[in-house]
Amino acid sequence: MKNCGANDFFEVRKQALPSSLFMNAMSDLYLPLIGANAFAAYFALWGEGKTPSTHAHLLQKLQLSPGQFYQAMLPLEAMGLVKTYYQEDETTHYFIY
């Protein structure tokens, strides 16, 4: 995972719909392991559509800086809950979660 900036674009590609059992497992089992910021980032990403957007509104919604968001994403990736793909050209940085 690379650190993102507020003006970097992202989109979310969901693999499956979460069941109520998964939601309970997230709060009971994963929350103590990943922390509150990662937990909030996971569900904020889950609520995003597939339409590309900048990180600015996501960071504002989470009230996190880009560095804090990066730190929140690390345990999500380590636990296999999120995969991040990164694409870059001369002017645009693009993340797919």
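A search through the whole structure turns up two salt bridges. The structure is a predicted model, and every distance below is computed from it. R13 has a relative accessible area of 42%, so it is partly exposed. E11 has 6% relative accessibility and therefore counts as buried, the cut-off for buried being under 20%.

The other salt bridge links E48 with K61, and here the closest N and O atoms are 3.0 Å apart. E48 sits in the loop between helix 2 and strand 2, while K61 belongs to helix 3, so this pair ties together parts that are 13 residues apart in sequence. E48 is buried, at a relative accessible area of 10%. K61 counts as exposed because its relative accessibility is 51%, and the limit for exposed is over 50%.

A charged residue can also be buried without such a partner. D8 is buried and has no salt bridge; K2, the nearest side chain of opposite charge, is 9.1 Å away. What, then, lies around D8? A polar atom of the D8 side chain is 2.7 Å from the backbone nitrogen of G5. Apart from neighbours within four places in sequence, D8 is in contact with S53, T54, H55, H93 and F95. D8 itself is found in the segment before strand 1.

That segment leads to the sheet. Strands of a sheet pair through backbone hydrogen bonds, either parallel or antiparallel. In this model, four strands make an open sheet in the order 2-1-4-3, and the pairing is mixed. Strand 2 (53-54) and strand 3 (85-88) are at the edges; each has a single partner strand, so one side of each is left without a neighbour in the sheet. Strand 1, residues 9-11, runs antiparallel to strand 2, and two bridges join them. Within this pair, F9 stands opposite T54 of strand 2. Y86 has F95 in strand 4 as its bridge partner. Strands 3 and 4 form a hairpin, with four residues between them.

In soluble globular proteins, nonpolar side chains tend to be buried together. Here the largest nonpolar core has 22 residues, and F69, M73, L76 and Y97 are those with the most contacts inside it. The elements giving two or more residues to this core are helix 1 (20-34), helix 2 (36-46), helix 3 (55-62) and helix 4 (66-78). Which helix gives the largest share of this core? Helix 2 does, with five residues.

The buried residues in helix 2 include A38, A41, Y42, A44 and L45. Among the elements that cover the buried residues of helix 2 are strand 1, helix 1, helix 3 and helix 4. F69 gives a residue-level view of the packing: not counting residues up to four places away in sequence, F69 touches M1, C4, A41, H55, L58, L59, L62, L64 and Y97. One of these, A41, is among the buried residues of helix 2, and Y97 is among those with the most contacts inside the core.

Definitions and conventions:
Residues numbered from 1 in each chain as written. Predicted model: local features only at pLDDT ≥ 70, side-chain atom pairs only at ≥ 80, totals over all residues. Heavy atoms only, no water. Core = buried A, V, L, I, M, F, W, Y, C linked by side-chain atoms within 4.5 Å. Buried < 20%, exposed > 50% of the residue type's maximum accessible area, 1.4 Å probe, protein only. Contact = heavy atoms within 4.5 Å. Pairing = 2+ DSSP bridges. Lys, Arg positive; Asp, Glu negative; His and termini not counted. Salt bridge = Lys/Arg side-chain N within 4 Å of Asp/Glu carboxyl O. Polar contact = N/O pair within 3.5 Å; in protein donor to acceptor, adjacent residues only side chain to side chain.
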